[in-house]
Amino acid sequence: MKLNTRIYLIGFILVAFTLVQCVEDNKHIEPHKRHFPNNEIEQEITDEKAEALHLLALDAYDRKDYNESINLLKASLLIEKNPIVYNELGIVNSTIKKYDVAVEYHRKGQEIDSTYWLNFINESNIYLRLNEYKKAEPALMHVSNNSKSKYWKSYAYFYLAMTYYSDGRQCTKAIEYLDKSESLKNDPGLKQVYLKFDEIMRHYCS
């Protein structure tokens with residue numbers, strides 16, 4: 001059974017950037033926006049009890065009861081080790097700014113399944129929020145080099161474009177990867193973010 005899953009999207013990460021200065025600290029970054037690319041997810045949670053706990057954890061997260069969400073996700077893992085649940089644990093811990101813990105969970109999910117691309121995308125998201133751009137690159141390159149999905153490649157390319165633009169305004173690389181991710185303009189959950197970033201970057205890089 002396919003499950004609703006989530007990906008953190010950097011919401012207009014560069015909207016608050018000035019066009020001539022680097023970001024001074026994380027207070028300029030807008031809160032994450034969730035995106036649900038369910039049609040692009042092949043993995044699933046097979047055990048019914050593990051699935052039920054996972055869904056309860058999603059509900060607790062939406063209610064901002066993050067401790068309950070974490071406990072339910074850990075209980076789910078005791079029944080079935082699954083990259084989906086590790087990804088959720090990464091998201092919850094990132095939400096409460098426990099970034100080191102979040103990265104650890106995403107990497108555990110990567111070890112279990114190196115083709116569950118959300119754990120790689122969300123790990124890189126954390127580093128982008130922390131302005132640690134070079135640390136974001138390996139996870140994104142893994143997706144772009146190994147995924148057979150045009151969707152996930154485009155997602156990785158888009159994040160790489162943001163990475164290179166944010167890391168010293170590397171315009172040539174940023175434009176190259178943004179052009180590769182152009183298909184995201186057709187995605188309702190990403191279109192506005194894509195277009196806003198495209199506008200800001202091309203204005204600066206022109």
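Glu68 is partly exposed, with a relative accessible area of 30%, where buried means under 20%, exposed over 50% and partly exposed in between (1.4 Å probe, protein chains only). The model is predicted, so that local features need pLDDT of at least 70 and side-chain atom pairs count only at pLDDT 80 or more, while totals for chains, interfaces and linings use all residues. Residues are numbered from 1 along each chain as its sequence is written, and side-chain values use heavy atoms, with hydrogens and water left out.

**Salt bridges**

- The count comes to 11 salt bridges, each being a side-chain nitrogen of Lys or Arg within 4 Å of a carboxyl oxygen of Asp or Glu.
- Glu68 pairs with Arg63 at 3.4 Å, N to O, and Arg63 is likewise partly exposed at 46% relative accessibility.
- Arg107 and Glu123 form a salt bridge at 3.0 Å, N to O; this pair links distant parts of the chain, with Arg107 in helix α4 (residues 99–112) and Glu123 in helix α5 (residues 117–129), 16 residues apart, where helices are DSSP runs (H or I, at least four residues) numbered from the N terminus.
- Arg107 counts as partly exposed at 40% relative accessibility, whereas Glu123 counts as buried at 5%.
- Lys180 and Glu176 meet at 3.6 Å, N to O, and they are separated by about one helical turn because they lie four residues apart in helix α8 (residues 171–180).

**A buried helix residue**

- Ile84, placed in helix α3 (residues 83–95), is buried with a relative accessible area of 1%.
- Ile84 and Leu118 are 34 residues apart in sequence and 8.3 Å apart in space, C-alpha to C-alpha.

Notes: Helices (H or I, at least four residues) and strands (E, at least two) are DSSP runs, numbered from the N terminus.
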